[in-house]
Amino acid sequence: MRRHASALTSTPLLLSPWPASLRLRCLPARQLQTRSLSVLEHRHLTGDGPGGLVSYDDAQSVQEEHRAHMLAWKALPEAQRRDSPSPRPLLISFECTPTFTLGRRQDDLTPAQAAHLQQPLAVRLRSGSDERLVPVVRKTNRGGLTTYHGPGQLVLWPVVDMHSPLYARYGVASYAGHLEATTQRLLATRFGVGASTVRDEPGVWVDAAGDRPRKIAALGVHHRRYVTALGLALNVDLPVEGSEETNPWARFVPCGLEGKAVTSVAAEAGGRLDARWAAGELAAEWAQLFEQGMLDETKRTVDGLRR
């Protein structure tokens, strides 16, 4: 069974040497549920394969379609924009098939490095079934180095015009800060997990100033003419310890950060995380918190101060 690349992505597919029985089909994502808030539209995606996982390529296609719509509106003459409503921002959320992503300035992997990342990964889905899946590798247009997306992680990609007339403008730094602050609020209110940020190291961290700082959410954003793509990935209950057979983080240095660990909500919150947590519901909570900051600038950072 072959994987296929999305028609809307230009990222080349790295073929796997592993037999088809170990590979997860990248089936087209189908829309699970769309929620409309005051300004933000939220679309949670699910796939037809095991665990409802969605391929990175399929989610990227949904993202780029909406982004193209926003960019087309921004390219209209001013008179036409006045007569045409501004496109609403869209949050895309999903659980991803196992995928390692590389930053745009990162050197291409050697065949040996790619083969190492693409070793079959033992995964337990939230349905309780055990699968052995072969990760794919994708080059992205974000900054930073290698990171991982996969089952047990909630991916949140807002497509936002940072200069939209629907809300107060963002700067590049204030937008990134809003993503981080929203995640910090969700962790605190839903799971009782305290988290913070680290200067010059994007993302959300637990015990950032302690002896063992641990990243719980990775951040990577790209913008074109102030319209955003990509976003944030929150580790909920995927493995963060153990051997390379089950722990994808053991196969590389996450984001190139030597000496710093990766963690998850399950590792930090213990029994406060239901083993059958619903990705769509958790994403909906994040969406509500995110929209609060869109409409109220004082909620774009945890301490209420603008960046």
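A cavity is defined here, on a 1 Å grid over the protein atoms alone, as a set of points where a 1.4 Å probe fits but cannot get out, and its lining residues have an atom within 4 Å of a point. Grid points are joined across faces, edges and corners, and a volume is the space filled by probe spheres set on the points. The structure is a predicted model, in which local features need pLDDT of at least 70 and side-chain atom pairs count only at pLDDT 80 or more, while totals for chains, interfaces and linings use all residues. Residues are numbered from 1 along each chain as its sequence is written, and side-chain values use heavy atoms, with hydrogens and water left out.

Four cavities of 30 Å³ or more were found in a search of the whole structure. The volume of the largest cavity is about 50 Å³. It is lined by 10 residues, of which K215, A218, N235, W249 and V262 are the closest to its centre. Strands β12 and β13 are the elements that give two or more residues to this lining. Helices (H or I, at least four residues) and strands (E, at least two) are DSSP runs, numbered from the N terminus.

Buried denotes under 20% relative accessible area, exposed over 50%, and partly exposed in between (1.4 Å probe, protein chains only). With contact taken as heavy atoms within 4.5 Å, and residues up to four places away in sequence not counted, L234 touches G152, Q153, L154, T183, L186, L187, I216, A217 and V265.

Strand β11 (residues 201-206) is largely enclosed by the rest of the structure, because five of its six residues are buried. Strands are taken to pair if DSSP finds at least two bridges between them. Strand β10 (residues 196-198) runs antiparallel to β11 and is joined to it by two bridges; V198 has E201 in β11 as its bridge partner. The two strands form a hairpin with two residues between them. D200 lies in the loop between β10 and β11 and is exposed, at a relative accessible area of 76%. Its phi is near 70°, a positive value in a residue other than glycine. Three bridges pair β11 with strand β12 (residues 214-224), also in the antiparallel sense, and V204 stands opposite A217 in β12.

A positive phi, near 60°, is also found at L230, a residue other than glycine. L230 belongs to strand β13 (residues 227-235) and is buried, at 4% relative accessibility.

H42 is placed in strand β2 (residues 41-46) and is buried, with a relative accessible area of 0%. Its side chain makes a polar contact with the side chain of S93 (2.8 Å). A polar contact is a pair of N or O atoms within 3.5 Å; within protein, one must be able to donate a hydrogen and the other to accept it, and residues adjacent in sequence count only if both atoms are side-chain atoms. Leaving aside residues up to four places away in sequence, H42 touches residues including Q33, R35, L90, S93, G280 and A287.

How values were computed:
1 Å grid on protein atoms, 1.4 Å probe; cavity = no way out; pocket = protein on both sides within 12 Å on 5 of 7 lines; lining within 4 Å.
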